[in-house]
Amino acid sequence: MDNEQIQVIDLIIETHIGLERQDPGSHEMTAKALSFLDTRSISRAADLGCGTASQMIILADSLHGSIVGLDQIPGFIDILNANALKRGLQDRVSGIVGSMENLPFQKGEFDLIWSEGAIDAIGFEKGLTHWNSFLKMNGYVAVACPCWFTDEHPDEVERFWSDAGSGLDTIEHNISAMQRAGYAPIAVFTLPEQCWTDNYFAPRAETEKVLLSKYAGNKTAEAYV
Ligand SMILES: C[S@@+](CC[C@H](N)C(=O)[O-])C[C@H]1O[C@@H](n2cnc3c(N)ncnc32)[C@H](O)[C@@H]1O
């Protein structure tokens, strides 16, 4: 690609496509979230905004049914499908390209909708409201989402999230939003700091160093990093 013409979205994809995960989290926290569910009742699940779906292996190990991952970026879905094939999971696990805002599924199709670090891209309440009709009666939704821990935040941090297109709210606000969207909350917990630092920012910083040298002198790449 021409260095001068590179777009931020290409840089975001290039940064994240080789990472194990595209957002903060860990296998332990995925397993912890699963521990609150009656997994025996789950025969069909979706992972929305799945990225390359590092959590898919744990989901596939813990659930007996089929799981479909959905993401808007074809390169991420290709990796998910290749990994499913490599692990012999292709009959139960598949990925499709699509929009979380306009789901290409049947109403009432899922026992579980899973989504780590993606719903803030479309709005927490808006996303949950749209997704609700795709759940069976007594189905579950499990979402991880960046939240404010306090009511007051430094302007710089607020600007960072707003520039990233994420409207953040407090945990309490999101619990109320979840109830307004028709759900009864079962459990809420926060991620340990290493989920952000060791598991996401550190590997991401390494790939950004590579980008900086690959696109040396490119203003878009420098501003992005
Ligand atoms: C921060 S990443 C999280 C990826 C993955 N869930 C994980 O835990 O590593 C957010 C993902 O949501 C996807 N995404 C954002 N907006 C979307 C939309 N409107 N429809 C489908 N996918 C979307 C992005 O492409 C990206 O892969």
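Reader: What separates the centres of domain 1 and domain 2?

Author: In this predicted model, the two centres, taken over C-alpha atoms, are 23 Å apart. Domain 1 is 1-23 + 193-225 and domain 2 is 27-190, with bounds that come from an automatic or database domain assignment. Residues are numbered from 1 along each chain as its sequence is written. Local features need pLDDT of at least 70, side-chain atom pairs count only at pLDDT 80 or more, totals for chains, interfaces and linings use all residues, and side-chain values use heavy atoms, with hydrogens and water left out.

Reader: How do you know that domain 1 and domain 2 are in contact?

Author: Contact means heavy atoms within 4.5 Å, and 10 residues of domain 1 meet this rule with 15 residues of domain 2. The buried area, that is, the accessible area (1.4 Å probe) that two parts lose on being put together, summed over both, is about 910 Å² here. Carbon and sulfur atoms give 58% of that area. I17, R21 and Q22 supply 45% of what domain 1 buries against domain 2, more than any other three residues.

Reader: Why is the pair R21 and E116 called a salt bridge?

Author: The term requires a side-chain nitrogen of Lys or Arg within 4 Å of a carboxyl oxygen of Asp or Glu. The closest N and O atoms of R21 and E116 are 3.0 Å apart, so the pair qualifies. Across the interface of the two domains, the rule finds 1 salt bridge.

Reader: What makes the ligand lie between domain 1 and domain 2?

Author: Both domains give residues to the shell around the ligand, so the ligand lies between them. The shell has 20 residues, the closest being D23, G49, D71, M100 and E116; a residue is near if one of its heavy atoms lies within 4 Å.
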